[in-house]
Amino acid sequence: MIVTLIGEDDFTKEKCIDKFLDDALGDRRNDPLAKQILFATDVNIPSIADAVITACDSVSMFAPEQVVVVRKAEDLKADDTNALAKWLNHKPQCKLLFEFSKLDARGELFKALKAAGEIQKYDVPKQYKMAEWIYSAVPTHFNKAIENDACQYLAEALGTDTKIVCDEIEKILLFAPDCKKITAEMVRTMVVPRREMASYEINDSFGMRDAKAYTRTLNDLLNRGVSAIQIEGSLYRYAVDLLNYSTLLSRGMSPKDAAEALGKNDFIFNKKGRAPDCARRWGKPILCKVIKRLAELDEEFKNGTCSTRISQELALAMLVIH
């Protein structure tokens with residue numbers, strides 16, 4: 001049984017490694033002589049390949065066989081990679097698991113692992129899917145319900161690192177083990193935002209002319225070190241896209257074709273980004289004025305006439321608050 005886990009969803013991979021050890025060892029799960037956990041980053045091991053092959057081929061006097069897990073295998077040296085690929089081509093009978101964050105599917109090691117056993121991929125969810133992932137994962141792994149708003153906050157505050165998200169949930173449950181549901185108030189009280197925000201994240205609330213969400217996101221971006229110039233540039237490009245999109249719709253194009261003409265993904269731009277609704281809410285005359293004002297702000301920010309944090313934030317806020 002040779003299993004390979006590939007991907008950056010560290011939380012799910014950890015669960016898979018635990019299950020692999022449970023299935024392979026059963027009652028001997030906690031027997032240190034029945035398993036070897038090797039790290040490809042361990043500088044004290046001259047050759048990870050030799051260590052893996054020796055552990056899998058030898059029989060201990062204390063256990064009928066050893067289960068071997070290789071962690072952080074993306075850091076394997078070239079010589080180890082080649083040696084393991086050659087050894088795996090003989091399809092050894094062993095209980096072995098490799099854990100990679102990434103592995104080139106064109107390489108010999110990937111091909112050998114695929115031929116010798118099973119490859120499972122665990123990619124992190126996209127940012128726009130993260131709240132949905134949390135909503136599904138919490139009842140499954142923690143046996144607790146969670147509010148939608150709490151999921152949204154965790155996704156926005158922590159990003160797509162599933163291990164960090166689940167570590168924070170474990171911390172919440174340490175303080176409130178008897179809670180029946182994880183609420184938005186709990187996560188806002190106990191979880192500090194740590195995700196790096198990108199300037200384009202303000203586009204959705206801007207497009208929907210949602211003044212409350214827009215000003216909150218604007219403040220968050222500035223607090224996390226995103227410059228006013230970056231925010232202005234993102235809004236300028238998005239406003240121009242909406243203007244061109246609105247023009248294409250007025251000529252009879254379908255939303256999907258209009259998005260394609262602009263080089264946009266139909267799902268992200270039209271469905272998730274709600275571009276048709278955004279275009280209607282703004283209208284072409286107002287968009288033209290906003291684009292002109294954004295061009296003026298670009299000059300003001302860069303030449304220093306609008307250089308303080310508060311003046312920049314107010315100038316950007318006024319785009320939606322009117």
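**The whole chain**

Before selecting anything, keep in mind that what you see is a predicted model. Display the chain as a cartoon and follow its secondary structure, which comes to 16 helices and seven strands. The radius of gyration of the chain is 26 Å, well over the 20 Å that the globule rule gives for 322 residues, so the chain is more spread out than a compact globule. Of the 322 residues in the chain, 45% are buried. Among the contacts between residues at least 6 apart in sequence, 72% join residues that are at least 24 apart.

**Helix 15 and helix 16**

Now select residues 284-303, which form helix 15, together with residues 309-317, which form helix 16. Two packed helices are described by the angle between their axes and by the distance between those axes. Here the angle is about 175°, and the axes of helix 15 and helix 16 lie 11 Å apart. Why are these two helices called roughly antiparallel to each other? Angles over 145 degrees count as roughly antiparallel, and helix 15 and helix 16 are therefore described in that way.

Show the side chains where the two helices touch: R293, L297 and F301 in helix 15 meet Q312, A315 and L316 in helix 16. Sorted by class, this contact of helix 15 with helix 16 has four nonpolar residues, one polar residue and one charged residue.

**Two residues of helix 16**

Stay with helix 16 and select L316, which lies in it. Is L316 buried or exposed? L316 has a relative accessible area of 0%, and it is therefore buried. Leaving out residues up to four places away in sequence, L316 touches Y214, L218, A228, I231, E232, L235, L297 and F301.

With a relative accessible area of 10%, A317 is buried, since anything under 20% counts as buried. When residues up to four places away in sequence are not counted, A317 touches Y214, T215 and L218. The C-alpha atoms of A317 and R216 are 101 residues apart along the chain, yet they are separated by 9.7 Å.

**Helix 11**

Move to residues 228-250, the 23 residues of helix 11. From its first C-alpha to its last, helix 11 reaches 33 Å, which is close to the 33 Å expected at 1.5 Å a residue. Within helix 11, select S234, which counts as buried at 4% relative accessibility. Which residues is S234 in contact with, leaving aside its neighbours within four places in sequence? They are S199, Y200 and N203. Beyond the helix, look at G252, which follows helix 11 and has a positive phi, near 100°.

**Two loops with a positive phi**

Most residues other than glycine have a negative phi, and the next two stops can be read with that in mind. Select R209, which lies in the loop between helix 9 (203-207) and helix 10 (211-223). R209 is not a glycine, although its phi is positive, at about 55°. With a relative accessible area of 27%, R209 is partly exposed.

Then select R274 in the loop between helix 13 (266-272) and helix 14 (275-282). R274 is not a glycine either, and its phi is positive, at about 55°. At 39% relative accessibility, R274 counts as partly exposed.

**A last stop in helix 5**

Finally, select E132, which lies in helix 5 (residues 130-142). E132 counts as exposed at 52% relative accessibility. To finish, draw a line from C-alpha to C-alpha between E132 and D50, which are 82 residues apart in sequence and 43 Å apart in space.

Note on methods. Residues are numbered from 1 along each chain as its sequence is written. This is a predicted model: local features need pLDDT of at least 70, side-chain atom pairs count only at pLDDT 80 or more; totals for chains, interfaces and linings use all residues. Side-chain values use heavy atoms; hydrogens and water are left out. Axes are lines fitted to C-alpha atoms, for helices over the stretch in contact, and angles run from 0 to 180 degrees between N-to-C directions. Helices (H or I, at least four residues) and strands (E, at least two) are DSSP runs, numbered from the N terminus. Angles under 35 degrees count as roughly parallel, over 145 as roughly antiparallel, 65 to 115 as roughly perpendicular and the rest as oblique. Contact means heavy atoms within 4.5 Å. Ala, Val, Leu, Ile, Met, Phe, Trp, Tyr, Cys and Pro count as nonpolar, Asp, Glu, Lys and Arg as charged, and the others, Gly among them, as polar. The expected span of a helix is 1.5 Å times one less than its number of residues. Buried means under 20% relative accessible area, exposed over 50%, partly exposed in between (1.4 Å probe, protein chains only). The radius of gyration is taken over C-alpha atoms; the globule rule is 2.2 Å times the number of residues to the power 0.38.
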